[in-house]
Each structure stands twice: as structure tokens, then as C-alpha cells.
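Hi there,

Here is the structure I promised to pass on. Have a look at it first, and then read my notes below.

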Amino acid sequence: VTKTNRNLEMKAIYAIIAFHFIWMISCDRSTITLNYGKICQESIPNCTYMAISLPQITALALKSLVDPLEKSIKMVEIHTLSTLSEFSKEFDSFITTRPWWHVLEQPLLSKKSKKQSFVLHRISNEYESSSEFIANVSYPTDLSSCAKRSMCFSYQMGTWGNGMLNMAGHYSFCARGVFAPISTRTGKADEGVFLADKESCPNVINKWECLFLPSTTCTWPDVVTNCHNRDCLPMDSKVYYNSASASGLSASREQVDMNNRQFPSPPHTSEALSLIQYHCKNPDNIITAESSTMRKQQCDDVHGNFALYGSLMRFNSAFRNEVQEVIHDFRSTRTPVFHPNISCVAVHVRRDDRALPGVDMMEWCRNHTKIDSNGRKMETGLWIDGTNLTDGQWADMGCGAQLPYGAATLEHFLNASRVLMPHNRNVFMMTDDPKWLKAEVKKYYSLRRHQHHHDTMHIFFPSVRPNHRGGTFNSSIDFWASIAIARQCQAIVGHRGSAAFEFIYRNLCFFHDNQFIKCPPMFSIGGP
């Protein structure tokens, strides 16, 4: 193709796009809940918005229209006559190898419309290099390069909290190799793991891919793909192979480290996410919502945050549809409506198995805590079954924190949210103990009405199915729907001792309030 012909081709593509930008004004936007053009113009620095019409969605058509766009175009709304069921595989194929694009909206399967729309948002310019690094390593155009790189697997994970944070540490070591999460116990499809039960995702061995896009286009070693017996699966959660190819063999950590050194390090690994506002106070002062002590803290490295929460944990179309269905139901059934453009504070309450029924947890922790010879707090006394209390049980109750999990009240969380955003009245709450939350909210509104308060908070919380932190496919849907809703908020409150809260918080550090790679102000009611 000559340079002249290439220029004519590009002009033709842009002419089509320009024409359909005008057409966008009159299109059916029933599947889009926000004015993304306005958000791009008013809320995102140096953002250019564009609308495109693509009657039939295919990976080739997306490549022809989207790939030539200049990097300054940060938001693209694509209108199509295709239905999600028709184009989901083609769309996933396209988006998988382009981690710089993130999907903000897609059509709902349950919402029929003549014109379907979905919205793509491009990563900020300063972090394009991280997305390109991941694409070159995990989704290379020349698949022969896979054989030269080591392959690192994270098996199981176990929970959205501790399991995922452990995986984050594993990635930091393997960043220059091909990294792949595997969620399976037996190497067979007819099993359930914490991500998904076997009934909801019956034909997939690696249950990670029931939720997320493939972590790589490189070939897995035969010793992994041919394993269909628990005995041949590694017991360690961190497993290494000398090649991201069918011939890959088990390797030591030292061998992987040596091999990785021949490749350049990822960009931004020495940089931390911007210093954040970190609030922490004595529990008694939280109740009065006095001025807080503001601390500064650095978050994870920029590349690691992007790789985990912006690349590995990208929903596939089917799971995104399930999440958006829950969000749509939440927004359409609440009064007042929790509109996606209102300001808010997100709140996470970790409580379920971290509180003893009918027990004053502040007093219980005082009675089960002693100071050792080095001046550190530690456990003492007996557990509820009469055996000696262990360090793990003591820590699980939050006894080492300023405020144990079970001692935190709704008022603690609401007043902490006022410290972060004094004029805000909207709070979105997530919890693993919905029964407790419903009872607390009912008491709160009853008391406020009786006392004629005029600064009553609007408390929103989704209906969650049992064990929403993991155990079934539905529980995974609920958990991620809550994170997706929380991302519209400008600040977050929680207990830093909770791995689940830390996981949610780091997700918001990747993206919240229409911003990439920026941590929200955070208040920890449990202390540092």
C-alpha cells in the first residue's frame, strides 16, 4: 500500500466517523445511563469524545475503525444494530489484546433496542506505556516470542481479599514474564471454586475465565493443560515454568528470575500512585466527627496497579452483562434513585465472621489482649470453644486495631464519611453482613425522624445474595457490581485491617470518579 493510498484510506475512515458523530445526536441512548460526551468534556483533562456507527460488530471491523484513532481520543461510543449475543465473542477477541481500552458500558441482553451502544474509555496518556508493555508480553503479535519468556501461574487465590492481594505480590516478581491466574482444584470443568460454582460455569476448567478475559494469548505448557487430576496439580499457589509455550517445563523461582533479567523492566514500577489523603482517628472522636488527623500514604506502584486491576481483571462480555444487570436493577428500584452522576462516599463494612453475636467486642478485645515485653499487643485467654486463643483468631476479630470489626457502628461509618466530604449526604454501603446493615439503617432513619434531623444521610446498599465475597457465580456478580457502583464515588471509608476492603480500595485506585490511576481519599476507622 502506497503512502498516498494509505492517506486516502485514513481520510475515508475519519469521514465515516465524522458523519456518524452527527448521527449520534438522534440515536436511541436507552442503553447508556450517562452523557459520556459531557463527562469527557467537563471531567477528564485533555479528553476527546467520538461516536461511531458500526452496523455489524466483528473484531476486524473494530480493528479497522478503532485502531487508527489518535491517542487523544479518549472516549468512543459505538452504536450498532448487532445484539450482544451476536458480537460478544468478536468484541472480547478485539478488546483482550488492547488493554489500553476499558469498557464503561455495553448493551444489556435483557433490554431490547433497535440500536445498541457501548462505550470505550482509553487509559491516560502517561500510562499508555504500561498498557503497551502488557500487550507486548501477554498478547504479543508474534506468538513465537512467548517461548522465550517464563510463565508464572497463581493457583486458586481463595478469596477476593487475601487471595488477590497475595496474587499482587506474585505479579510484581513475574512482571517481565507471562502471568496467568488459574482457579481450579482438580483440573476438571465439573467443579466449583470461590469464583464460580460448577452449575453456573460448567464447561470451563479455569474458572478465572468465567469472569475475566484471557490473561494471555500465549500457549500454556502441556503439563498444565493435560492435567485433569488433583495429584498432578501443584500444591503451591505460586508456580513457575521456563517457557510460555506447549513445551514449557517446571522451573525454580531462581531460574525464572534469571530468565526475566534479559527483558526490560515494566515502566512506572519505581513510581507510586499519587500520595493520598489518609484519615485515621481515635474511635471516640469519629463519633463526634471532629477534624481528623490527615496522613499521607503511598499506594502500590503504578504499573502493578494497572496490570492487576486494569488488565487481568477485565470482565468478559458475558460477566459484564451480569454485573450491569445487577446495577440496572439497583438503580431502577431504589428511592431516591442512586443516579450514576451523583457525588457519594463509598463505605465497606467487614463484619460477618469478625463479630461474636451478642458480645461487646471492645470489651472482649480488652479482656483478650496483653502487652508483651517489647510493648506490642498480643492475644491472651480462651477462644469461644474453650481452647487457647490463637494469634489468628485474635487478629481476625480486629483486636490489634483501634476499633475491632464488631465494635464499629453505622454511626462510625457515617461520621467518617462526613469527615471526608462534609457537604455530601449520599453514602453507598457494601457489607458481608446485610442483615446487620438493614437493621442498623432502619434504626438510624427511625431515630432521625423522631429527633427531626435535617442532615440525614441518604444510605444506599444493594441486595446481596449469601456469601457475596465468594462461593458462587452469583456472589461474584454481586461483589463486582458493588465495586462498579462504588467507583462513581469520590472517597471511601473502611477498615484497613480487612483484606476485602484493601482489595476494593486498590480497585478504586485504578479507576474511580472517571479518573485512572488515582487513589480516592480514604478513612480507616480501625487505624493505620
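Let's start with angle words: under 35 degrees counts as roughly parallel, over 145 as roughly antiparallel, 65 to 115 as roughly perpendicular, and the rest as oblique. The axes behind these angles are lines fitted to C-alpha atoms (for helices, over the stretch in contact), and angles run from 0 to 180 degrees between N-to-C directions. Helices (H or I, at least four residues) and strands (E, at least two) are DSSP runs, numbered from the N terminus.

One caution: this is a predicted model, where local features need pLDDT of at least 70 and side-chain atom pairs count only at pLDDT 80 or more, while totals for chains, interfaces and linings use all residues. Residues are numbered from 1 along each chain as its sequence is written, and side-chain values use heavy atoms, with hydrogens and water left out.

Now the helices. Helix 6 (residues 162–174) packs against helix 17 (residues 499–510) at about 55°, and their axes are 8 Å apart. Helix 6 and helix 17 are therefore oblique to each other. In contact terms (heavy atoms within 4.5 Å), Asn162, Met164, Leu165 and Ala168 of helix 6 meet Ala499, Glu502, Phe503 and Arg506 of helix 17.

Helix 4 and helix 11 have axes that come within 9 Å and cross at roughly 125°, which makes helix 4 oblique to helix 11. Here Leu84, Ser88, Phe91 and Asp92 from helix 4 meet Ser317, Arg320 and Asn321 from helix 11.

That pair turns up again at the second largest pocket, with a volume of about 350 Å³. (A pocket is an open set of points on a 1 Å grid over the protein atoms alone, where a 1.4 Å probe fits, with protein on both sides within 12 Å along at least five of seven lines; lining residues have an atom within 4 Å of a point. Points are joined across faces, edges and corners, and the volume is the space filled by probe spheres set on them.) Of its 22 lining residues, Asp92, Cys210, Asn316, Ala318 and Phe319 are the closest to the centre. Helix 4 (84–96) and helix 11 (317–333) are the elements that give two or more residues to this lining, and helix 4 gives the most, with six.

Finally, four strands form an open sheet with mixed pairing, in the order 1-2-4-3. Strands pair if DSSP finds at least two bridges between them. Strand 1 (48–53) and strand 3 (101–105) are the edges.

Cheers
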